[in-house]
Amino acid sequence: MKIQAARVIVTCPGRNFVTLKIETDQGVYGIGDATLNGRELSVVSYLEDHVLPCLIGMDPRRIEDIWQYLYRGAYWRRGPVTMRAIAAVDVALWDIKAKMAGMPLYDLLGGRSRDGVMVYGHANGSDIEETVDAVGQYIDLGYKAIRAQAGVPGIKDAYGVGRGKLFYEPADAALPSVTGWDTRKALNFVPKLFEKLRDTYGFDHHLLHDGHHRYTPQEAANLGKMLEPYQLFWLEDATPAENQEAFKLIRQHTVTPLAVGEIFNTIWDAKDLIQNQLIDYIRCTIVGAGGVTHLRRIADFAALYQIRTGCHGATDLSPVTMGTALHFDTWVPNFGIQEYMRHTPETDAVFPHDYRFEKGMLYVGDTPGHGVDIDEAEAAKYPYKPAYLPVARLEDGTMWNW
Ligand SMILES: O=C(O)C(=O)C[C@H](O)[C@H](O)CO
Ligand SMILES: [Mg+2]
């Protein structure tokens with residue numbers, strides 16, 4: 001069996017997606033996601049110019065060997081571009097293998113560990129009142145877990161405040177727009193948001209919050225401590241994690257659960273965090289961390305330390321990643337939660353899929369493969385449109401972490 005052809009498809013049904021389609025000489029094809037928000041074309045070039053020529057003629061059944069070939073064989077390891085390209089190939093090959101086996105992917109991975117996958121949605125508003133209303137809407141939709149973010153008085157376009165209610169999309173301009181940040185203001189504000197949410201809705205639902213890499217370790221420790229009375233499911237990306245040891249300081253001061261990993265590419269980004277039990281949830285997902293083959297290694301390593309998964313699932317992760325992650329979540333023994341930001345109807349039409357939402361859970365279907373396809377005629381209607389993530393600056397103009 002041979003890989004006969006491989007193509008990259010770029011489409012923008014409201015936002016950009018990069019999709020890889022691998023075709024075999026036996027008529028079976030597989031689909032993988034390679035989207036890197038705000039830097040999409042770099043992965044297109046990496047795949048088209050440097051990966052696809054090597055793949056033609058290879059045996060698509062040798063998933064592990066092809067993974068190692070692309071990882072070790074490049075000599076230049078890791079990084080978001082390389083690992084997304086590897087992920088796209090890996091997911092397309094798992095799709096092919098599962099289709100050939102006539103099995104949904106979760107079955108091939110080892111079978112079901114659960115009936116459905118608990119997800120969390122994004123509630124946001126320009127102030128506390130709006131966010132409280134938005135959380136109420138998610139509760140009405142049946143969600144069991146909700147991430148809450150609100151505009152902070154005095155901060156221009158605080159992180160997490162979207163324009164729509166169910167669809168949040170931060171990559172919005174042909175050049176990066178400039179947002180603001182002020183840690184003092186945020187630290188005074190965020191606990192008030194959660195106090196109001198618990199006063200309004202009680203403690204039956206899981207609440208989450210994303211610090212989006214904004215705080216220093218000491219500030220994050222302070223925030224975690226102040227949030228303890230509201231029993232968060234997790235505080236995410238409380239401090240940047242290039243220096244994994246930074247989480248020690250947060251851990252020493254708070255029992256608020258910590259989650260990190262959406263910008264990690266490999267197990268090496270999380271190794272110290274995991275083996276020192278400095279986090280509770282590892283947030284890497286399929287497209288960001290080298291596909292099913294590598295994410296499985298990260299999850300197994302995390303399981304040794306009772307750390308659970310919490311796959312990133314923002315709208316820049318295409319339905320292909322969402323579908324594959326749901327198969328992964330359905331199988332993985334140490335599952336925690338899955339992020340779920342809804343895609344627009346245009347995106348759903350480009351990527352027909354068989355997963356479905358019911359009462360706060362997502363359920364995968366039993367279609368062989370990962371259950372997500374691409375409608376190429378529909379995709380062709382939406383040409384690539386440059387879009388950047390915003391940047392953040394402090395009041396005095398200093399660049400900060402967006
Ligand atoms: O979903 C989250 O937790 C995010 O932090 C979303 C990110 O800002 C988004 O995926 C960036 O592309
Ligand atoms: Mg996040």
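Start with Thr-11 and Phe-17: Thr-11 stands opposite Phe-17 in β2. Helices (H or I, at least four residues) and strands (E, at least two) are DSSP runs, numbered from the N terminus. This is a predicted model, in which local features need pLDDT of at least 70, side-chain atom pairs count only at pLDDT 80 or more, and totals for chains, interfaces and linings use all residues. Residues are numbered from 1 along each chain as its sequence is written, chains are lettered from A and ligands numbered from 1 in the order in which they are written, and side-chain values use heavy atoms, with hydrogens and water left out.

**Stop 1**

Select strand β1 (residues 3–11) together with β2. They pair in the antiparallel sense over eight bridges. Two strands count as paired if DSSP finds at least two bridges between them. Five residues lie between the strands of this hairpin, and Gly-14 takes a positive phi near 100 degrees there.

Now move to strand β3 (residues 29–33). Five bridges join it to β2, and the two run antiparallel. Leu-20 stands opposite Gly-32 in β3. The hairpin of β2 and β3 has four residues between the strands, and Gly-27 has a positive phi near 85 degrees.

Color β2 (residues 17–24) by accessibility. Seven of its eight residues are buried. Buried means under 20% relative accessible area, exposed over 50%, and partly exposed in between (1.4 Å probe, protein chains only).

**Stop 2: the nonpolar cores**

Show the side chains of Ile-22, Leu-47, Val-89 and Phe-194. Of the 112 residues in the largest nonpolar core, these touch the most other members. Such a core is a set of buried Ala, Val, Leu, Ile, Met, Phe, Trp, Tyr and Cys residues joined through side-chain atoms within 4.5 Å. Helix α3 (residues 80–101) gives the most to this core, with eleven residues. The core draws at least three residues from each of domain 1 (3–103) and domain 2 (108–370); these bounds come from an automatic or database domain assignment.

Next, a second, separate core. It has ten residues, including Met-118, Phe-233, Trp-234 and Met-361.

Go back to Phe-194. What does Phe-194 touch, not counting residues up to four places away in sequence? Its contacts (heavy atoms within 4.5 Å) are Ala-148, Leu-207, Leu-208, His-209, Leu-227, Tyr-230 and Leu-232.

**Stop 3: the magnesium ion**

Select ligand 2. The protein donors of this magnesium ion are Asp-210 (OD), Glu-236 (OE) and Glu-262 (OE), at 1.9 to 2.3 Å from it. Donors are N, O and S atoms within 2.8 Å of the metal (3.2 Å for Na, K and Ca); water is not among the atoms, so sites may look incomplete. Along the sequence the donor residues are spaced D-x25-E-x25-E. Asp-210 in strand β7 (residues 206–210) and Glu-262 in the loop between β9 (258–260) and α9 (271–275) link distant parts of the chain, 52 residues apart. Asp-210 and Glu-262 are buried.

**Stop 4: Ile-267**

Stay in the loop between β9 and α9, where Ile-267 lies. Is Ile-267 buried or exposed? Ile-267 counts as buried because its relative accessible area is 18%. Not counting residues up to four places away in sequence, it touches His-294, Arg-297, Ile-298 and Phe-301. Draw a distance to Cys-284, which is 17 residues away along the chain: the C-alpha atoms of Ile-267 and Cys-284 are separated by 9.2 Å.

**Stop 5: the β6 sheet**

Three strands form an open sheet in the order β6-β15-β16, with mixed pairing. The edge strands are β6 (178–181) and β16 (399–400), and each pairs on one side only. Between β6 and strand β15 (residues 391–394) there are four bridges, and these two strands run parallel. Pick Gly-180: its bridge partner in β15 is Arg-393.

**Stop 6**

Most residues other than glycine have a negative phi. Tyr-75 is not a glycine, yet its phi is positive, about 70 degrees. Find Tyr-75 in the loop between α2 (63–72) and α3. Tyr-75 counts as exposed because its relative accessibility is 62%.

Then jump to Asp-157, in the loop between β5 (145–150) and β6. Its phi is also positive, near 50 degrees. Asp-157 counts as partly exposed, at 49% relative accessibility.

**Last stop: confidence**

Color by pLDDT, the predictor's confidence in each residue, from 0 to 100. The protein chain averages 97, and 99% of the residues score at least 70. The model scores ipTM 0.99 and pTM 0.97.
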